[in-house]
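Student: Can we go through this one together? I have the sequence and the fold open and want to ask as I go.

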Number of protein chains: 2
Amino acid sequence: MLNFSFYMPTEIIQGQEVVTRNGDRFKQFGTRALIVTGKRSAQLSGAFQDVAAVLDNLGISYQVFDQVENNPSTTNVVQGAEAARQFNPDFIVGIGGGSALDAAKAIAVLAVNDFAPECLYHGNYPNQPLPVIAIPTTAGTGSEVTQYSVLTIPEKQTKVGFGDRTIFPKVAFLDHRYTESMELDTTRNTAVDALSHLVEAYLSRRASDASDMLVEAGLKLWARALPDLKSAAFSSGMRDSLLTASALGGMAIAHTGTTVVHALGYPLTYFHDIPHGKANGLLMAEYLRYNLQHARSRVEKILKLLNLKDIGEFAELMQILLPTDLRLTPEQINEYGIAASRTKNASHSLGEVNSQVCIDILNNSLG
Amino acid sequence: MLNFSFYMPTEIIQGQEVVTRNGDRFKQFGTRALIVTGKRSAQLSGAFQDVAAVLDNLGISYQVFDQVENNPSTTNVVQGAEAARQFNPDFIVGIGGGSALDAAKAIAVLAVNDFAPECLYHGNYPNQPLPVIAIPTTAGTGSEVTQYSVLTIPEKQTKVGFGDRTIFPKVAFLDHRYTESMELDTTRNTAVDALSHLVEAYLSRRASDASDMLVEAGLKLWARALPDLKSAAFSSGMRDSLLTASALGGMAIAHTGTTVVHALGYPLTYFHDIPHGKANGLLMAEYLRYNLQHARSRVEKILKLLNLKDIGEFAELMQILLPTDLRLTPEQINEYGIAASRTKNASHSLGEVNSQVCIDILNNSLG
């Protein structure tokens, strides 16, 4: 029997100048907005200027919280929530990469719920989070269309995601022009994050006919962008394809969640400062290899949609896109592997992902 | 550039016994429900009994309006709205084919908006319609996942649809077991309705990368059911595929609307009592032929996904599935063609659908 259960409440509006042309989508949420961004990309991309102009035009007053860190911590989003409480906005506009969008969602909850950030992870928020409008300036996170927010928890020395239906953004504006200011390494790292979402959703216990449809469409678009990603000469069409592939990856993991790849990637980010997408990419070839025993035809389908002949070629591609000299010690591999095997993400993987499987993936990738 | 704008706020829950297993989806809307159905199919399918048991279990009181006609008229939904006002429900559960689901949506508006049914067509309802839970017992309408409701307007002597974002059902339960009591002709007619939505969404000015994805997935599933549809021996798997294909057709037209096929089909239903899906099916081969000049590769893709070699084979298939001896007079063809050419649906078709195009399609199909 089929499983076509489907839930995607975010309205996706794609095209050039969609922010400017859809003022009504801002207006419907009220007259006061908090813009949540990082220090640079929102301005650099031109997205911030477009949003500010629309809000000015509509007489919507706004304040900016531009203190979002890379891989934002719980402490960081508490600061954002304080800014929100002082300004008392009707809605939040998140502009940026995954960090800014994930922070915007957490702030939307904390702004109206007077509890410690740990409570983000328990769901059942007493008060409905503020509506979030999400505007990605990278093409990878998919956060603009998911119910997830991943925060760094300093006490736990890792990143931990939470998910709640109430934090799906209400509207996601996809304008690939905002991704054109990304530099080469960020473009590649975030593109691989999108790929990772697509691959993990396809090789997940929770894969469904609905998520498969999204993944296959996403992989085709990702493959279209691949020549540009390799040659580092980026056309508008490639930016557009990647942004859409990224949204499709987000829509897919909104249904399936991620797998052990994400669980194994988090310590690489936390302890070794490897950007999130790159961290996943360094492990993905081994995840494909691991899955040959559980879902060979699915692995082959992924390779086919990417126009790659085998996992070896996939691994070479990752080496081109994600150069690294990171090598882990046996102790690190042991520690990260055991921790990852205990996560919910790991349990969504196919087969039985125990600590040995995790250790093997890390060892074969970075040992 | 891509167009992946996407909006599908309905939560789709698919599988066996999903109604029974998801009581929380009813409970979230309140403690009083109006069940809207036709006279027979809701009971015959077993869906009514499952819903009643769930509502009883949850202590949700309910009343039944089972007076929905085939191709419900504005008068008919006004009756339903009166029943709703007397009972004062928190939400509506529509169970049945397109007639019941479309009526449920109209009743959801009229129950809380004290205006004439003509106002359904103007949008901007002063009061938010009651939430609708939709449970299809046919596999064709897609109404469970659209913002549309098509009503017969006696004064205009035709069916006219209205669309409003506020009437998307909140939840659609897809359980193919509820479609197993359909008889052969209803199974075929409604299956062709689903096909018509898929084909029209693909051959529409409003087609997008998002709707194309939905259509292609839907056509593949429809093709899977085709051998059973021809042989009239129905497996559970075929019912399941068709119900999913139908939902995908609904999701697609939620983005694109329908085309001149629907506009031309309405008078066949109104004046000649041809069931809705069949009416579309009688015209579809000619719509494909018409589109050869505007989008040959898209027509060929449709045929390929259906495993048909050419439009001739498509036409033969429709003749097998939809036997008819209906023939129209030149006067009828003229009258229906002119009326259809003036509709919004017609303007969504590719090329310039003027009255001559409409007359030609009717003449070649039923002259």
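What follows is a chat about a predicted model, taken topic by topic.

Student: Start with chain A. Which domains does the domain assignment give for chain A?

Tutor: Domain 1 covers 11-177 and domain 2 covers 183-366, according to the domain assignment of chain A. The C-alpha centres of domain 1 and domain 2 of chain A are 25 Å apart.

Student: How many residues of domain 1 of chain A are in contact with domain 2 of chain A?

Tutor: In chain A, 21 residues of domain 1 are in contact with 25 residues of domain 2. On the domain 1 side, the elements that give two or more residues are β1 (6-14) and β7 (158-163) of chain A. By class, that side of domain 1 of chain A has four nonpolar, 15 polar and two charged residues.

Student: Now the sheet. What is the strand order in the open sheet of 12 strands?

Tutor: The order is β3(A)-β2(A)-β4(A)-β5(A)-β8(A)-β1(A)-β1(B)-β8(B)-β5(B)-β4(B)-β2(B)-β3(B), and the pairing is mixed.

Student: Which are the edge strands?

Tutor: β3 (61-65) of chain A and β3 (61-65) of chain B, each of which pairs on one side only. Averaged over the sheet and with direction ignored, neighbouring strands are turned by 25° against each other.

Student: Do me one pair inside chain A. Do β4 and β5 of chain A run parallel or antiparallel?

Tutor: Parallel: strand β4 (residues 91-96) of chain A is joined to strand β5 (residues 132-136) of chain A by five bridges. Within that pair, G94(A) is opposite A134(A) in β5(A).

Student: And which strands does helix α4 of chain A touch?

Tutor: Helix α4 (residues 47-58) of chain A packs on the sheet and touches β2 (32-37), β3, β4 and β5 of chain A. The direction of α4 makes about 155° with that of β4(A).

Student: Back to the place where the chains meet. In which sense do β1(A) and β1(B) pair?

Tutor: In the antiparallel sense, over three bridges. F6(A), for instance, has I12(B) in β1(B) as its bridge partner.

Student: How many residues of chain B are in contact with chain A?

Tutor: 22 residues of chain B are in contact with 22 residues of chain A. On the chain B side, β1 (6-14), α8 (209-231) and α9 (236-256) of chain B each give two or more residues. β1(B) gives the most, with eight residues.

Student: How does that side of chain B divide by class?

Tutor: The side of chain B that touches chain A has 13 nonpolar, seven polar and two charged residues.

Student: Change of topic: the last helix I've marked, α15 of chain B. How many residues does α15 of chain B have?

Tutor: Helix α15 (residues 355-366) of chain B has 12 residues. From its first C-alpha to its last it reaches 16 Å, close to the 16 Å expected at 1.5 Å a residue.

Student: Which residues in α15(B) are buried?

Tutor: V357(B), C358(B), I359(B), I361(B), L362(B), S365(B) and L366(B) are buried. Their cover includes α10 (260-272), α11 (276-305), α13 (330-341) and α14 (344-347) of chain B.

Student: Take L264(B), in helix α10 of chain B. Why does L264(B) count as buried?

Tutor: L264(B) counts as buried because it has 31 C-beta neighbours inside 10 Å, and the cut-off is 20 or more.

Student: With which residues is L264(B) in contact, leaving aside its neighbours within four places in sequence?

Tutor: L283(B), Y336(B), A340(B), C358(B), I361(B) and L362(B). A340(B) is 76 residues from L264(B) along the chain, and their C-alpha atoms are separated by 5.5 Å.

Student: Last topic, backbone angles in chain A. What is phi of Q157(A) near?

Tutor: Phi of Q157(A) is near 55°, a positive value in a residue other than glycine. Q157(A) sits in the turn of a hairpin formed by β6(A) and β7(A), with four residues between the strands. β6(A) and β7(A) pair in the antiparallel sense over six bridges, and Y148(A) stands opposite G163(A) in β7(A).

Student: Is Q157(A) buried or exposed?

Tutor: Exposed, because Q157(A) has 12 C-beta neighbours inside 10 Å.

Student: And where does N307(A) lie?

Tutor: N307(A) is in the loop between α11 (276-305) and α12 (311-321) of chain A. N307(A) is not a glycine either, and has a positive phi of about 60°. With 13 C-beta neighbours inside 10 Å, N307(A) counts as partly exposed.

Conventions:
Residues numbered from 1 in each chain as written. Chains lettered and ligands numbered in written order. Predicted model: local features only at pLDDT ≥ 70, side-chain atom pairs only at ≥ 80, totals over all residues. Domains from an automatic or database assignment. Contact = placed C-beta atoms within 7 Å. Nonpolar A, V, L, I, M, F, W, Y, C, P; charged D, E, K, R; others polar. Pairing = 2+ DSSP bridges. Axes fitted to C-alpha atoms, helices over the stretch in contact; angles between N-to-C directions. Expected span 1.5 Å × (residues − 1).
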